[in-house]
Amino acid sequence: MLSQIKKIIIAGNLFILCSPLMPDIASAQSVHESSAANPGVVSYTYRKYFEKDIPSTLDIIKGNGITDIEFSNLFGKSAAELRKMIDEKGIYCSSFGVGYDDLVNKTAEVAQNAKTLGASYVRVAGIPHKGTLTLEQAQKAIDDFNRVGKILKEQYGLGFIYHNHGFEFQPYGNGTLYDLIVTRTDPNYVSFEMDILWAFFPGQDPAGLLRTYGSRYKALHLKDLRKGVKGDLSGGTSADNDVVLGTGQIDLPAVLKAARAAGIRHYYIEDESNAVMEQVPQSIAYLKKFK
């Protein structure tokens, strides 16, 4: 290695020049990813705590062994301020969630915030609609996702991912509007993040979707639905129907097997309940068996 380094001294300062044979440090760094056994977390899980004190909440997250986070809120801080906080804690932001309107109308601002946070992805969870999602609304989303996804990739080097919320599974043709969204969006510019609860709740098989659409998925929201709760296409249920992973209705082993085969890069625990302090550590313990 020393033979590949040239040292020169100018005005008392040491400069190191790397030859073409020396690997570029940035490219040699491994890409931050999480796994089922070592999951990340969605900031929404700790939203009530972040709103009160960001540094102490980051300490809680780090104390659980989590370093991968998907932020869906800046919690009153600038992206630069939040980035400084997570850097100090040894936590990284891999995905930045924003609202649909901001994605479409404030694309440059969203992209700059995502870049500042260090995120690889911009994520949207939801499509504007009232009542039942219509074909026209789904088609508009397809057009918007393709257009903005191209901008994010080509101008900012960011990926775009769409997070399902249950209402997209309205029947359409031989499948659903969700199938239409996946198949009509350009895989070069649009990827997906599966919320497994919001796939299961409207009657879908999360593992089956992972097998069907494979590499279109880049991330998972890991959640479980309380036993006995009936699902529907509303895209809504009580937050306290989120239970410890492995104790609800979803076949987590099948989901995680399919996720591994699909090459999922980020596994985020999302617990919307009021018992996250007790439930998240239990969910992490459950996931450790999937090494």
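**Charged pairs and the nonpolar core**

Me: Is Arg 211 buried or exposed?
Reply: Arg 211 is exposed, because its relative accessible area is 56% and the cut-off for exposed is over 50%. This is a predicted model.

Me: Which residue does Arg 211 form a salt bridge with?
Reply: Its partner is Asp 205, and the closest N and O atoms are 3.6 Å apart.

Me: And how is Asp 205 classed, and why?
Reply: Asp 205 counts as partly exposed, because its relative accessible area is 42%, between the 20% and 50% limits.

Me: How many salt bridges are there in the whole structure?
Reply: A search finds twelve. Another of them pairs Asp 195 with Lys 223, where the closest N and O atoms are 3.1 Å apart. That pair links distant parts of the chain: Asp 195 is in strand E10 (residues 191-195), while Lys 223 is in the loop between strand E11 (217-222) and helix H11 (252-262), 28 residues apart.

Me: Are Asp 195 and Lys 223 buried or exposed?
Reply: Both are buried.

Me: What is the N to O distance between Lys 223 and Glu 272?
Reply: They form a salt bridge with the closest N and O atoms 2.8 Å apart. Here too the pair links distant parts of the chain, with Glu 272 in the loop between strand E12 (266-269) and helix H12 (276-287), 49 residues from Lys 223. Glu 272 is buried, as is Lys 223.

Me: Which residues do the shared partners join into one network?
Reply: Asp 195, Lys 223, Glu 270 and Glu 272.

Me: Where is Glu 270, then?
Reply: Glu 270 is in the loop between E12 and H12. Glu 270 is buried, because its relative accessible area is 8% and the limit for buried is under 20%. A polar contact of 3.3 Å joins its side chain to that of Lys 223.

Me: What else does Glu 270 touch, leaving out residues up to four places away in sequence?
Reply: Among them are Val 42, Tyr 44, His 163, Asp 195, His 221 and Asp 242.

Me: Changing topic. Which members of the largest nonpolar core touch the most other members?
Reply: Phe 71, Leu 210 and Leu 220, out of 84 residues in that core. Helix H7 (residues 135-156) gives the most to this core, with seven residues.

Me: What does Leu 210 touch, with residues up to four places away in sequence not counted?
Reply: Leu 210 touches Met 194, Tyr 217, Leu 220, Val 255, Ala 258, Ala 259, Ala 262 and Ile 264.

Definitions and conventions: Residues numbered from 1 in each chain as written. Predicted model: local features only at pLDDT ≥ 70, side-chain atom pairs only at ≥ 80, totals over all residues. Heavy atoms only, no water. Salt bridge = Lys/Arg side-chain N within 4 Å of Asp/Glu carboxyl O. Helix = DSSP H or I, 4+ residues; strand = E, 2+ residues; numbered from the N terminus. Buried < 20%, exposed > 50% of the residue type's maximum accessible area, 1.4 Å probe, protein only. Polar contact = N/O pair within 3.5 Å; in protein donor to acceptor, adjacent residues only side chain to side chain. Contact = heavy atoms within 4.5 Å. Core = buried A, V, L, I, M, F, W, Y, C linked by side-chain atoms within 4.5 Å.
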